[in-house]
Each structure stands twice: as structure tokens, then as C-alpha cells.
Amino acid sequence: MKRLTGIGARLVVLAAAAGGWQLATGPGANPYFLPPSAIVSFMYRQWFDGPASHLWLTPDATGNLLPSVGRMLAGLAIASLAGIAAGVAIGRIRLLADLAEPLVHFGRAVPPPVAVPFFLFVFRLGTPMEIASIAFGVIWPVLINTIDGARHVHPGQLETARAFRLGPVQRLVHVILPGAAPKIFAGLRLGLALALIMMIVAEFQGATDGIGFEVATAQTTLDMPVIWGALVLLGLLGIVLNLIFAAAERRALAWQRGPARTE
């Protein structure tokens, strides 16, 4: 009941915000500030009015929305795997930390959008450039949080693992990764938000399809329905991805909460 009440309260707040937005954009309002009803109607016709055999996605959606989501997930996956692997190594090996941490702090200080022209030069136009740009933006919060989590695994747990003569792989799987998991998931949550941002930034730089490409094209013609539709779509996509991630995080870290208490 508590969870249902919380969901209901959030829906009420969203409905109130949408209602206020609708009233503020009535007749005589700024023509560049579209009402929610017009935005939703455009989004349905543009992206979700396709045949059932294509999951109601239009050709525009399959040609632009799906490629963007695919690139974002690919960049997020690459950065997550690389960041976790490197972060555990740097966090547990002191010599490697001394050598690598200056490079890590140098890389994290570079604003990810500034690096997009470099990847454009290396990979030229296309999906590899966009995935590389997304991965570069995502890897730093994952890497930094993993280093911190792996470095601060409770010493008692490591001593217990040694007492039971667990090998390096067993210590990694059963002690280090679980101990660092809360920090790792915190980094992944930050990386998820950055992946959405970098997806749009990368597609602004000369892509031939994708949500960012549509927005960049719409800006040149002041096509406000496309711009507003993309903004709302990105917000909804962020909400859906965050809900999926939160569910996975709760499941993965359920052991931390312990058994439920009975009244």
C-alpha cells in the first residue's frame, strides 16, 4: 500500500504539472512554447502510429529512435565493462594505482563533448564514432566509483577469505565485487544519465540518423514540434531506463538490506 500510495502521489504531481503547462500555453502564448497536447499528438503521429507488426513504431522511429537507443546501450555497456575491470585492478593493486591514477584524473577532467571532434577525426562519421564518444563520457564515473569501492572493501572480509584459503578469482567474485557493488552501481547510475547526454551530443556532430540528428535538423528550420517531441521523448526514455536500472540494483543489492522484519 505504501508503494502504491507513493506511485499515486507521483502521478498526481505529474498530472498537475502537465495541467499547469497546458494552461500556460493556451491561446496567445509564445508559439515556440508548445502545449503538452500538441506535443503528445505529434509524437504519436511521428513515432508511434506504425503497424502492429512493427510494435506500432513508424519508419521514422525505426530509422532514428532505435539506432540512438542501440548506440547509447552499446556505449554504456563498453564503458561499464571497461570501467569495472580497470577500476577493480587499480583499486586493489597499489603499484598500478600509483601509475594510473594521474592519467585517470587527467581524463576525467576533460569535458566529454570536447572529445567528440577527436573521435570524429579517428573514426570518421558513423556509429563507431558515436559509440566511442558515449563510452568516453560514461567510463569516468564508473571507473572512479569502482576504484573507490574496490579499495575500501572491509579488511575483515578479506582476512576471512584468506583464512578459508580462497584463491584470487574466488576472492574477486565472492568478496571484492560484492563489497564494491554499492559504489559500482552509484557510478553506473551516473553513467546512465551521461550516456543519454552524450548520445545527443555525438549525433549533433554530423550523424545521418538518430534523435540528435533529427533535433539538429529541426533547429535549422525552427521545427518546434520535432524539438519538443525529442525533449519529451528523452525525458521519458530517461525515466524508463532509470526504473529498469533501479529494479536491477535492488535485486543485485538485496543481500545488503537483509531479511524483512516482521511486526
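Helices (H or I, at least four residues) and strands (E, at least two) are taken here as DSSP runs, numbered from the N terminus. On that basis the chain comes to eleven helices and zero strands, and along the sequence the pattern reads α-α-α-α-α-α-α-α-α-α-α. The model is a predicted one, in which local features need pLDDT of at least 70 and side-chain atom pairs count only at pLDDT 80 or more, while totals for chains, interfaces and linings use all residues. Residues are numbered from 1 along each chain as its sequence is written, and side-chain values use heavy atoms, with hydrogens and water left out.

**The chain as a whole**

Taken along the principal axes, the C-alpha atoms fill a box of roughly 75 × 60 × 35 Å. Of the 263 residues, 37% count as buried, where buried means under 20% relative accessible area, exposed means over 50%, and partly exposed lies in between (1.4 Å probe, protein chains only). The accessible surface, computed by the Shrake-Rupley method with a 1.4 Å probe, comes to about 15600 Å², and 70% of that surface belongs to carbon and sulfur atoms.

Lys and Arg count as positive and Asp and Glu as negative, with His and the chain ends not counted, and each charge is placed at NZ of Lys, CZ of Arg, CG of Asp or CD of Glu. The mean positions of the 19 positive and 13 negative charges are 14 Å apart.

**Helix α4**

Helix α4 covers residues 94-109, 16 residues in number, and its first and last C-alpha atoms are 22 Å apart, close to the expected 22 Å; the expected span is 1.5 Å times one less than the number of residues. Buried positions in α4 are Ala97, Ala100, Val104 and Gly107. An α-helix has 3.6 residues a turn, so residues three or four places apart point the same way. The buried residues of α4 pack against α3 (59-92) and α6 (127-151).

**Single residues**

| Residue | Relative accessible area | Class |
|---|---|---|
| Glycine 26 | 26% | partly exposed |
| Arginine 124 | 55% | exposed |
| Leucine 222 | 53% | exposed |
| Threonine 58 | 8% | buried |
| Glutamate 130 | 2% | buried |

Glycine 26 sits in the loop between α1 (2-24) and α2 (36-47), and its C-alpha atom is separated by 40 Å from that of leucine 188, 162 residues away along the chain. Arginine 124, in the loop between α5 (112-123) and α6, has a phi near 65°, a positive value in a residue other than glycine. Leucine 222, in the loop between α9 (211-221) and α10 (224-252), likewise has a positive phi, near 55°.

Threonine 58 belongs to the loop between α2 and α3, and, with neighbours within four places in sequence left aside, threonine 58 is in contact with Arg45, Gln46, Trp47, Phe48, Asp49 and Gly50. Glutamate 130 is part of helix α6, and under the exclusion of neighbours within four places in sequence, glutamate 130 is in contact with Arg71, Ala202, Glu203 and Ala207.

Conventions
Contact means heavy atoms within 4.5 Å.
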